[in-house]
Amino acid sequence: MTRFTQAELEAARDRLVPDVVADGLSVLFCGINPGLMTAATGHHFARPGNRFWPVLHLSGFTPRLFKPAEQGELLSHGLGITNVVARATARADELSAEEYHEGGRLLAEKVTRLRPRWLAVVGVTAYRAAFDDRKAQVGPQERMFGETRVWVLPNPSGLNAHWTAATMAEEFGRLRVAAEGA
């Protein structure tokens, strides 16, 4: 993996990272917003401590452990990636309530246009902020966007110590089973 200096990472602040999307996906995974490592590399969930890629594999979504640079291969498995807020920051707490609300509005439009079977928001706090749903918990939600069902997953950031890779993989696996049955 390429090593970046702090200055190079800071230069990535506010960059946009292209979505990995297509019409009619099985699951569209949605992060909070790109981190600086993601923005610097152009690859989603690129920070070494982020557990998204290992958990995706452990849960059975992918046949092997993909590297962030292989994100485009997700499309052949009916999977994609987007974010609630497009702007890259060092930490999610740098985002304003207005950015979350606007991000939720734009995400709803994107999901309605792309029609994935499931939208999987990785991070209950982001979901609550984007859709003003203070009571949301990890798991399937009542909310739908057109025909798209919504599932909130635990945030795979290494900072989320409440969830281990194994317990996250169980929750991701629950979504996989639901998506396969949809």
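This note goes through the sheet, the helices and a few single residues of the predicted model.

1. **Basis.** This is a predicted model, in which local features need pLDDT of at least 70 and side-chain atom pairs count only at pLDDT 80 or more, while totals for chains, interfaces and linings use all residues. Residues are numbered from 1 along each chain as its sequence is written, and side-chain values use heavy atoms, with hydrogens and water left out. Helices (H or I, at least four residues) and strands (E, at least two) are DSSP runs, numbered from the N terminus.

2. **Sheet layout.** Five strands form an open sheet in the order E2-E1-E3-E5-E4. Pairing is mixed; two strands pair if DSSP finds at least two bridges between them. E2 and E4 are the edge strands, each pairing on one side only. From one strand to the next, the twist averages 25°. Axes here are lines fitted to C-alpha atoms, for helices over the stretch in contact, and angles run from 0 to 180 degrees between N-to-C directions.

3. **Pairing of E1.** E1 and E2 pair in the parallel sense over five bridges.

4. **E2, an enclosed edge.** E2 is an edge strand. Five of the five residues of E2 are buried, so the strand is largely enclosed by the rest of the structure. Buried means under 20% relative accessible area, exposed over 50%, and partly exposed in between (1.4 Å probe, protein chains only). Both faces of E2 are covered. Leu79, Ile81 and Asn83 are buried on one side, Gly80 and Thr82 on the other.

5. **H6 across the sheet.** Helix H6 (residues 165-181) lies across E1, E3, E4 and E5. Its direction is at about 165° to E5.

6. **H4 geometry.** Helix H4 covers residues 97-114. At 1.5 Å a residue, its 18 residues should span 26 Å. The expected span is 1.5 Å times one less than the number of residues. The end C-alpha atoms of H4 are 25 Å apart, which agrees. After H4 comes Arg115, with a positive phi near 55°.

7. **H4 faces.** The buried residues of H4 are Tyr100, Gly103, Gly104, Leu107, Ala108, Lys110, Val111 and Leu114. Seen down the axis of H4, they fall within an arc of 170°, so they line one face of the helix. The arc is that of the directions from the helix axis to the C-beta atoms. An α-helix has 3.6 residues a turn, so residues three or four places apart point the same way. Glu98 and Arg113 are exposed, on the face of H4 turned away from its buried side.

8. **H4 packing.** The buried residues of H4 pack against strands E1 (27-31), E2 (79-83), E3 (118-122), E4 (139-145) and E5 (148-153). They also pack against helix H5 (124-131). Contact means heavy atoms within 4.5 Å.

9. **H5 and its end.** H5 is mostly covered, with six of its eight residues buried. These are Val124, Ala126, Tyr127, Ala129, Ala130 and Phe131. Their cover includes H4, E3, E4 and E5. Just after H5, Asp132 takes a positive phi of about 50°. Asp132 sits in the loop between H5 and E4. This aspartate is exposed, at 52% relative accessible area.

10. **Asp14.** Asp14 is another non-glycine residue with positive phi, about 75°. It lies in the loop between helix H1 (6-11) and E1. Asp14 is partly exposed, at 42% relative accessible area.

11. **Thr38.** Thr38 lies in helix H2 (residues 36-41). Thr38 is buried, with a relative accessible area of 6%. A polar atom of the Thr38 side chain lies 3.2 Å from the backbone nitrogen of Ala46. Beyond its neighbours within four places in sequence, Thr38 is in contact with Val17, His43, His44, Phe45 and Ala46.

12. **Pro63.** Pro63 lies in the loop between helix H3 (52-58) and E2. Pro63 counts as exposed, at 60% relative accessibility. Leaving aside neighbours within four places in sequence, Pro63 is in contact with His57 and His77. The C-alpha atoms of Pro63 and Leu28 are separated by 18 Å, and the two residues are 35 apart along the chain.

Note on methods: Polar contact = N/O pair within 3.5 Å; in protein donor to acceptor, adjacent residues only side chain to side chain.
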